[in-house]
Amino acid sequence: MITARGLVQTFHTGRGKAAKEVRAVDGVDLDVAEGEVVGFLGPNGAGKTTTLRMLTTLLRPTAGTATVAGYDVVKEPVQVRRSIGYVSQVGSTFSGAYAGDEVVDHGMLYGMARGDAVRRGQELFERLQLDGLWKRMPKNMSGGQKRRLDVVMGLIHDPTLVFLDEPTTGLDPQARANLWEHIESLRTSHGATVFLTTHYLDEADALADRIVIIDQGRIVASDTADNLKAQVAGDLVDLEVASDDQVAVAAQRLGAIGQAVETDGRRVRGRVERAGRVVPSLLRDLGSAGVVLDSIEVLRPTLDDVFLTLTGRSLRDAEAGEASSSEGEPEQKEEVA
Amino acid sequence: MAFVGESNIVFRRQIRMNLRNPAWVLIGIMQPVLYLVLFGPLLKPLVGSFDTGTDNAYTFLVPGLLVQLGMFGAFFAGFGLIGEWREGVIEAERVTPASRTALLVGRLMRDVIQLFVQALILVGLGYLMGMRGSVGGVLLGIFITLVVGGACAAASNALALTTKSEDVMAPVINIVMMPVLLLSGILLPMTIGPEWLQKISDFMPFRYIVDAVRGSFAGDFGTSTVFWGAAWAAVLAALGTWWGTATFRKENA
């Protein structure tokens, strides 16, 4: 469904001496099969949206090629547009127009007859639980309703490939969970291929068959969530001992069965393979050594751990670093125009 | 033809939103109407000395106000586009297979229709106040106004999509419009000014357009004044639509 080779997007930022060329996307290769749900994960400013905009023909690649739904994004943009649905981060409807009117006009721009667009629009309103909101203006809708309206806009022409750009950013947890269900049903009841960007780990984990991680404009990993997590050596065992003089003993015992042991005050952490099997004997061991525990936690690896392993930074740090040095925030379209 | 159909879809969407909020049409015409009512009477004792072929203050003033309406009204058309862009509407439209030019043309159709309604109101009021002018001449004058208005609306939309900020656009429009207003002879004829001022105004295309609309209201169709004004209007329209289309078609906008 998507094949990209060496996609590059550069833009210029600053003037005079401060002028520099920024490679927002720096040689991205991507392959997405039909029917796949792919999560495109990375910190803010990693190049997610820029890549997406190139794949959806909104931005011409500086270099590289991409075929989307069988068509070249540069040579056959109109055919690409006909085949894909795009749900952008910023929305798609005017706040002061009726939701239904916006949807029907959008369908007609795809060449649908008015009657078909109305029928299909109403069907989608029902499916996305927007019944009764046909004559509501987006400015009077909740955040979740507005996002679902954006999804309706993206699906009006029945595309076989759907791009979703950070679909749940800014939504409350309930609205997020609700939208996840709808995104999941895109494939199950619709057979669509879904490509979604997110900087939420749990979102990629919950929705995607496969996760592609991008950092600083380059793909750093592409695999299923389970396989990615398996790359992180084992589960995290987090002990809190009762007194400071027991820290060294606990660290030594944990080190005997695991690795990457570190201490932080009265806390001792380390990576252990198959924690479920070895932790009971570790506890006995600690007990006989006279170590008293205040708490013990065993954590399965998260995608954040994966990101840390791959890039040496945690996702949260990557975002914070981006925010502080972000005069040339590559996700912003003004910069690229 | 797909292009016409697509332009129509965009046009109908825009008109629907305008009709839901007709206040804007009226706010747009407030300025020329105020000039007509509050400035027109001041011209009455003066207009005979202008040597513009009419001693009727309103026959002199209405054509100028008409062109002013065409320029100013249309130049503010782009502000609505920035709002739409911010809400993602432009991007959503650009990801459909519809022609990008149609996205502009549909909006221009709205701007021209709106200008036409405003022009009719202004001319109607002018007649009420005592303006004189043949129907044919007035219609030709309105037509020239619409051409200029379309050009300005296209330029305004292009500027909006280039700057994407009301804060940048408002001062730009002000800087452009002030000299245009002062050098076009909209409120007073340039011919009563000193020679140096007339020389400067010779470089102002809008001045010829004002003269042409004024001439056409007075019924002087065949004159070179009307011809040159209409020609300038056509040139501006070509430039405006070229800029507008180029901006809308640009890959990276």
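This is a predicted model: local features need pLDDT of at least 70, side-chain atom pairs count only at pLDDT 80 or more; totals for chains, interfaces and linings use all residues.
Figure 1. The phi of A:Thr57 is positive, about 70°, although the residue is not a glycine. A:Thr57 belongs to the loop that connects helix H1 (48-55) with strand E4 (63-68) of chain A.

**Figure 2. A:Asp158, a partly exposed residue with a positive phi.** A:Asp158 is not a glycine, yet its phi is positive, at about 60°. The residue is found in the loop between helix H5 (143-155) and strand E7 (161-165) of chain A. With 14 other C-beta atoms within 10 Å, A:Asp158 is partly exposed; this class applies because the count falls between the limit of 12 or fewer for exposed residues and that of 20 or more for buried ones.

**Figure 3. Strand E3 of chain A and its buried residues.** Strand E3 covers residues 37-41 of chain A, and five of its five residues are buried, so the strand is largely enclosed by the rest of the structure. A:Val37, A:Gly39 and A:Leu41 point one way from E3(A), whereas A:Val38 and A:Phe40 point the other way. In a regular strand the side chains alternate between the two faces of the sheet. Both sets of residues in E3(A) are buried.

**Figure 4. The strands that pair with E3 of chain A.** E3(A) pairs in the parallel sense with strand E8 (residues 193-198) of chain A, over five bridges. A parallel pairing also joins E3(A) to strand E9 (residues 210-215) of chain A, here over four bridges.

Figure 5. Helix H11 comprises residues 303-311 of chain A, and its buried residues are A:Leu303, A:Asp305, A:Val306 and A:Phe307. An α-helix has 3.6 residues a turn, so residues three or four places apart point the same way. After H11(A) comes A:Gly312, with a positive phi near 80°.

**Figure 6. The two domains of chain A.** Chain A is divided into domain 1, formed by 2-229 + 312-336, and domain 2, formed by 234-300. Taken over C-alpha atoms, the centres of these domains are separated by 43 Å. The C-alpha trace of chain A spans about 80 × 55 × 35 Å along its principal axes, and the chain contains 13 helices and 14 strands. Of its 337 residues, 42% count as buried. Among contacts in chain A with a separation of 6 or more, 67% join residues 24 or more positions apart.

**Figure 7. The side of chain A that touches chain B.** Contacts between the chains involve 28 residues of chain A and 21 residues of chain B. On the chain A side, the elements that give two or more residues are helix H2 (77-83), helix H3 (99-109) and helix H13 (333-336). H3(A) provides the largest share, five residues. By residue class, this side of chain A consists of 13 nonpolar, nine polar and six charged residues.

Figure 8. An unreviewed UniProt entry lists several stretches of chain B as "transmembrane region", including residues 112-129 and 172-192. Residues 112-129 of chain B are 100% helix and 0% strand, with end C-alpha atoms 25 Å apart. Over residues 172-192, chain B is 57% helix and 0% strand, and the end C-alpha atoms are 29 Å apart.

Definitions and conventions. Residues are numbered from 1 along each chain as its sequence is written. Chains are lettered from A and ligands numbered from 1 in the order in which they are written. Two strands pair if DSSP finds at least two bridges between them. Two residues are in contact if their C-beta atoms, placed from the backbone, lie within 7 Å. Domain bounds come from an automatic or database domain assignment. UniProt positions are given in the numbering used here, feature names are shortened, and annotations may be inferred rather than shown by experiment. Ala, Val, Leu, Ile, Met, Phe, Trp, Tyr, Cys and Pro count as nonpolar, Asp, Glu, Lys and Arg as charged, and the others, Gly among them, as polar.
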